[in-house]
Amino acid sequence: MLAKNKIVGAIAGVMLAAAASAANAYVIDFTKASTGHSGSLFQGAVTWHLSSSGILNNSQSFDGSPTPTGTGLSFETDGYGVGRNDDEISTWPNRYEWIDITFSAPVLIDAIYFLDLFRSADGSSLEVGKASINGGNPLITLAATDTAGTGTSGFVGATFGPVYASVIRFTVLASNDGYGVADGALAGIGIAPVPVPAAGVMLLGGLAGLAALRRRRKSA
């Protein structure tokens with residue numbers, strides 16, 4: 001009976017471990033004023049840090065209306081950009097700015113969010129945010145839906161099937177909204193529930209424990 005109870009307990013432990021891992025979906029919120037240039041996920045199992053083509057800046061307060069909902073973002077600031085006095089990632093004809101996020105271990109990305117991407121008033125041109133992973137492989141492009149000059153936030157986001165990434169680069173394509181140069185801001189990144197490879201290690205450990213308990217029961 002004791003062995004049986006141990007096996008049942010071990011099975012429950014494996015199931016709880018998997019459930020706990022699945023419940024730990026995370027959003028790295030670059031619109032939160034306290035979000036710095038580095039952080040951690042999954043109780044410190046994975047760390048991340050930002051780098052860029054210039055000075056990272058998320059000092060401008062969020063100023064769009066209405067405030068987007070349903071993303072897990074706080075919208076305290078207008079997100080991260082590049083430049084001492086600028087909170088946007090800009091692109092000129094002869095150069096472009098970028099922001100990279102690098103993870104200490106591969107993670108599963110399932111959402112990307114930008115702010116300050118706008119369409120021109122006549123709809124003839126628009127700003128497009130781009131995310132590439134692991135050295136340049138395209139992940140997603142997000143086209144503006146808000147019209148420039150209307151007081152909106154220029155928020156664009158997308159969720160998708162989880163994709164492994166160790167490094168993500170954020171840029172803005174050359175087309176703009178009719179004002180100045182093409183630019184936009186990094187607002188957030190969605191991280192899928194299971195860290196890589198922590199969940200696999202957890203489950204393998206649980207299964208190994210089950211096998212050991214079964215062997216004990218057979219030899220008793």
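Which residue in strand 13 is the bridge partner of Ala-111? The views below take up this pairing and its surroundings in a model that is predicted.

**View 1. Strand 13 and the strands that pair with it.** The bridge partner of Ala-111 in strand 13 is Gly-190, and the two strands concerned, strand 7 and strand 13, run antiparallel and are joined by six bridges. Strand 1, which spans residues 26-29, also pairs with strand 13 in the antiparallel sense, over four bridges, and here Ile-28 has Ile-189 as its bridge partner. Strand 13 is mostly covered, with ten of its ten residues buried.

**View 2. The largest nonpolar core.** This core holds 37 residues, of which Ile-101, Phe-103, Ile-168 and Phe-170 touch the most other members. Two or more residues are given to the core by each of strand 3 (46-52), strand 7 (99-115), strand 9 (128-133), strand 10 (137-143), strand 12 (156-172) and strand 13 (182-191), and the largest share, eight residues, comes from strand 7. Once its neighbours within four places in sequence are left aside, Ile-168 is in contact with Ile-99, Asp-100, Ile-101, Phe-103, Ile-109, Ala-131, Ser-132, Ile-133 and Ile-189. Another core, of nine residues, lies apart from the largest one and includes Leu-73, Ala-111, Leu-115 and Ala-185.

**View 3. Thr-77 in its loop.** Thr-77 lies in the loop between strand 4 (56-57) and strand 5 (81-82), and because its relative accessible area is 5%, this residue counts as buried, the cut-off being under 20%. Its side chain reaches the backbone oxygen of Phe-30 at 3.5 Å and the backbone nitrogen of Gly-79 at 3.2 Å. When residues up to four places away in sequence are not counted, Thr-77 touches Phe-30, Thr-31, Lys-32, Ala-33, Asn-58, Gln-60, Ser-61, Phe-62 and Leu-115.

**View 4. The chain as the setting for the close-ups.** The secondary structure of the chain comes to two helices and 13 strands, and 43% of the 220 residues count as buried. Among contacts between residues at least 6 apart in sequence, 74% join residues at least 24 apart. The accessible surface of the chain comes to about 10,900 Å², and 57% of this surface belongs to carbon and sulfur atoms.

Conventions
Residues are numbered from 1 along each chain as its sequence is written. This is a predicted model: local features need pLDDT of at least 70, side-chain atom pairs count only at pLDDT 80 or more; totals for chains, interfaces and linings use all residues. Side-chain values use heavy atoms; hydrogens and water are left out. Buried means under 20% relative accessible area, exposed over 50%, partly exposed in between (1.4 Å probe, protein chains only). A polar contact is a pair of N or O atoms within 3.5 Å; within protein, one must be able to donate a hydrogen and the other to accept it, and residues adjacent in sequence count only if both atoms are side-chain atoms. Contact means heavy atoms within 4.5 Å. Accessible areas come from the Shrake-Rupley method with a 1.4 Å probe; for residues, only the protein chains shown count as cover. A nonpolar core is a set of buried Ala, Val, Leu, Ile, Met, Phe, Trp, Tyr and Cys residues joined through side-chain atoms within 4.5 Å. Two strands pair if DSSP finds at least two bridges between them.
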